[in-house]
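This report goes through one protein model, part by part. Please look over the sequence and the structure before reading on.

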Amino acid sequence: MNRSTWLASVGAVVSALSLPVMGQTVKVTPLGGIDGEFCPQDRALVFEDPNGTRILYDPGRTVAGASDPRLGKIDIILVSHMHGDHVGNAHNKAPNAGSCESPDTSVSALPNTSAVNIAVAKKSKIVTGSEMPPFFAAKLKANGGDPANSMLARFGGSVTVGGVRIATVTAMHSNGLDPDYIGGDLGKAMKEAGIAGDVGLATGYVLRFSNGLVTYLSGDTGITADQELVIRNHYNAKLTVMNIGDGFTTGPVEAAYVINELVKPASVIASHANEVGTVNGKVRAGSKTEAFIKAVKVPVHVPLSGKTMEFDGGGKCTTGC
Ligand SMILES: [Zn+2]
């Protein structure tokens with residue numbers, strides 16, 4: 001065997017084992033309310049694996065529906081839980097509609113959810129945990145989609161889609177299904193009684209991309225012991241997307257504790273500030289985003305809408321931060 005044949009054989013073995021390829025990056029692009037800013041409603045991030053698989057995390061209200069040109073191909077949609085600002089009960093009229101402080105999210109997505117509308121249009125898989133998959137399967141079916149595209153990844157297990165391993169993890173939050181998604185007499189009666197539908201626990205996610213990058217998406221959560229026991233000790237997440245909004249989830253102080261003492265990733269992307277985080281692309285003085293950055297010991301990256309950041313297998317931002 002000559003040298004080039006030997007190298008080709010090694011290459012074939014490496015690709016057959018799907019070993020992480022050094023130097024490849026995961027691209028993360030925020031689809032927020034206003035280009036170049038971090039705005040109150042911003043949740044949606046698109047992750048692109050080096051192999052081309054594209055994942056939309058929590059479309060929320062800032063993705064302007066399925067026809068938003070920023071989406072492109074979407075292979076997988078992740079929904080951490082069923083609250084309207086994550087699954088999308090309404091959405092932007094168009095990208096950049098309204099202002100950062102008060103976006104024009106006047107387009108209702110009820111009773112479908114924006115996540116389902118996008119999944120039907122893009123033929124995406126929706127991967128969720130807990131008891132959410134049957135809800136999404138029924139919605140896909142009712143809207144001309146394929147119910148088999150709603151896939152389950154329950155706590156402790158994982159599924160691999162498009163070369164990305166997807167696991168769900170606990171989130172200490174609530175997950176009531178607004179009766180507006182149910183509709184009809186049942187929805188009306190539930191609304192009047194003030195009760196929500198039960199679709200199980202809220203979740204976070206751990207993703208393992210083909211370059212070896214392990215990423216923790218916190219979803220809405222409080223501080224949990226699993227952030228150390230499961231997310232750090234077992235999955236060894238190197239990049240974290242951390243919600244900092246306070247009131248509904250960890251605030252900047254609690255989120256900084258999660259990062260510094262529990263998950264200990266190489267870097268973190270702030271998310272879910274529920275206030276104007278930047279002005280002209282710069283972190284606003286006195287903001288929760290600023291407080292979080294000051295309290296965290298590793299690099300904090302601010303998700304500016306439309307600005308793509310690239311991360312290597314170790315969780316280090318190599319471009320765009
Ligand atoms: Zn929530």
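The text below covers a metal site, a sheet, a helix and a group of paired strands.

The model is predicted. In it, a zinc ion has four protein donors: His81 through NE2, His83 through ND1, His173 through NE2 and Asp220 through OD. These atoms lie 2.2 to 2.4 Å from the zinc ion. The angles between the four donor atoms run from 88 to 175°, so the arrangement is irregular. For four donors to count as tetrahedral, all angles must lie between 85 and 135 degrees. Along the sequence, the donor residues follow the spacing H-x1-H-x89-H-x46-D. His81 sits in the loop between strand E4 (76-78) and helix H2 (84-87), and His173 in the loop between strand E10 (164-170) and strand E11 (176-177), so this pair ties together parts 92 residues apart in sequence. His81 counts as buried because its relative accessibility is 0%. His173 counts as partly exposed because its relative accessibility is 23%.

Next comes the sheet. Eight strands form an open sheet in the order E8-E7-E4-E3-E2-E1-E20-E21, and their pairing is mixed. Strand E8 (150-152) and strand E21 (317-319) are at the edges with a single partner strand each, so one side of each has no neighbour in the sheet. From one strand to the next, the twist averages 30°.

Helix H4 (residues 132-142) lies across strand E7 (125-128) and E8, and runs at about 170° to E8. Among the buried residues of H4 are Met132, Phe135, Phe136 and Leu140. The buried residues of H4 pack against H2, helix H3 (114-122), E7, E8, E11 and strand E13 (203-208). Just after H4, Gly144 has a positive phi of about 85°.

Strand E10 is mostly covered, with five of its seven residues buried. Strands E9 and E10 form a hairpin with two residues between them, and Gly162 in the turn has a positive phi of about 55°. The table lists antiparallel strand pairs, two of which involve E10.

| Strand pair | Bridges | Sense |
|---|---|---|
| E1 (residues 26-30) and E2 (residues 45-48) | four bridges | antiparallel |
| E9 (residues 158-161) and E10 | four bridges | antiparallel |
| E10 and E13 | six bridges | antiparallel |

Single bridge partners can be located in these pairs. Pro30 has Leu45 in E2 as its bridge partner. Ser158 is partnered by Ala167 in E10. Ile166 has Leu207 in E13 as its bridge partner.

How values were computed:
Residues are numbered from 1 along each chain as its sequence is written. This is a predicted model: local features need pLDDT of at least 70, side-chain atom pairs count only at pLDDT 80 or more; totals for chains, interfaces and linings use all residues. Side-chain values use heavy atoms; hydrogens and water are left out. Donors are N, O and S atoms within 2.8 Å of the metal (3.2 Å for Na, K and Ca); water is not among the atoms, so sites may look incomplete. Four donors count as tetrahedral if all angles lie between 85 and 135 degrees; four count as square planar and six as octahedral if opposite donors are over 155 degrees apart and all others between 65 and 115; anything else is irregular. Buried means under 20% relative accessible area, exposed over 50%, partly exposed in between (1.4 Å probe, protein chains only). Two strands pair if DSSP finds at least two bridges between them. Axes are lines fitted to C-alpha atoms, for helices over the stretch in contact, and angles run from 0 to 180 degrees between N-to-C directions. Contact means heavy atoms within 4.5 Å.
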